[in-house]
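Let's look at this protein together, one question at a time. Each answer sets a value against its definition and then draws the conclusion.

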Amino acid sequence: MNFFERLFNNPANTDHLAQCPRCLGKGYVDMDDIKRLKNELKWRPGKCAYCNGKGKVEPALITKVAADEAYLTVDESKRERDLFMEGDPAAVRRGELYKENVDRWIHQIKEMYFEECMSVEEIVAAILQGRPGVGDKEVKELLVYVQKVIDSATKN
Ligand SMILES: [Zn+2]
């Protein structure tokens, strides 16, 4: 290892980094983090997309991107994450569209349940209409998700 490699690999160089505000330094997001950041309907547990699993972030990032930013999930690619974090206009726009879509789905599910008096199973069937080839696992996840949306609405 030459001098520069040693310098750049020096752990002391990470001293200025701040603890990740999303996962609190664990590198992954669990149900407690999701509840704390009120993203129960938008996130699933997994590797932390805010710090990319490192547990630490540049302090400047915390003022730039909110820790509870819903768009940044494990489902986005690393490249999309980096673009979004850098404030790339197209990535920011994709993030806005994504959030609008999620909010619209949540709204529709509530409407079907509370106004159209549909059951959870009927709502799932309505969502899946015109989307062939959805596997049993996804259908089960969707049932759980729809129930979660309804539960969150009845709690409020
Ligand atoms: Zn993190």
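Q: How do you know how the radius of gyration of the protein chain compares with that of a compact globule?
A: A compact globule of 156 residues would have a radius of gyration near 15 Å, but this protein chain has 19 Å. The radius is taken over C-alpha atoms, and the globule rule is 2.2 Å times the number of residues to the power 0.38. The C-alpha atoms fill a box of roughly 65 × 30 × 30 Å along the principal axes.

Q: What should I keep in mind about the model and its numbering?
A: This is a predicted model, where local features need pLDDT of at least 70 and side-chain atom pairs count only at pLDDT 80 or more, while totals for chains, interfaces and linings use all residues. Residues are numbered from 1 along each chain as its sequence is written.

Q: Which domains is the protein chain divided into?
A: There is domain 1 (14-87) and domain 2 (97-156), with bounds that come from an automatic or database domain assignment. Their centres, taken over C-alpha atoms, are separated by 26 Å. Five residues from domain 1 and seven residues from domain 2 take part in the contact, where two residues are in contact if their C-beta atoms, placed from the backbone, lie within 7 Å.

Q: What makes up the secondary structure of the protein chain?
A: The protein chain has seven helices and four strands, in the order α-β-β-α-β-β-α-α-α-α-α along the sequence. These are DSSP runs numbered from the N terminus: helices are H or I with at least four residues, and strands are E with at least two.

Q: How do you know whether the span of helix α5 agrees with its number of residues?
A: Helix α5 (residues 89-115) has 27 residues, and at 1.5 Å a residue it should span 39 Å. The end C-alpha atoms of α5 are 38 Å apart, so the span agrees.

Q: What makes a nonpolar core, and which residues touch the most other members of the largest one?
A: A nonpolar core is a set of buried Ala, Val, Leu, Ile, Met, Phe, Trp, Tyr and Cys residues joined through C-beta atoms within 7 Å. The largest has 14 residues, of which C20, C23, C48, Y50, C51 and L72 touch the most other members. A second, separate core of seven residues includes Y113, I123, V146 and V149. Y113 is also among the buried residues in α5.

Methods
The expected span of a helix is 1.5 Å times one less than its number of residues. A residue is buried if 20 or more other C-beta atoms lie within 10 Å of its own, exposed if 12 or fewer, and partly exposed in between; C-beta atoms are placed from the backbone.
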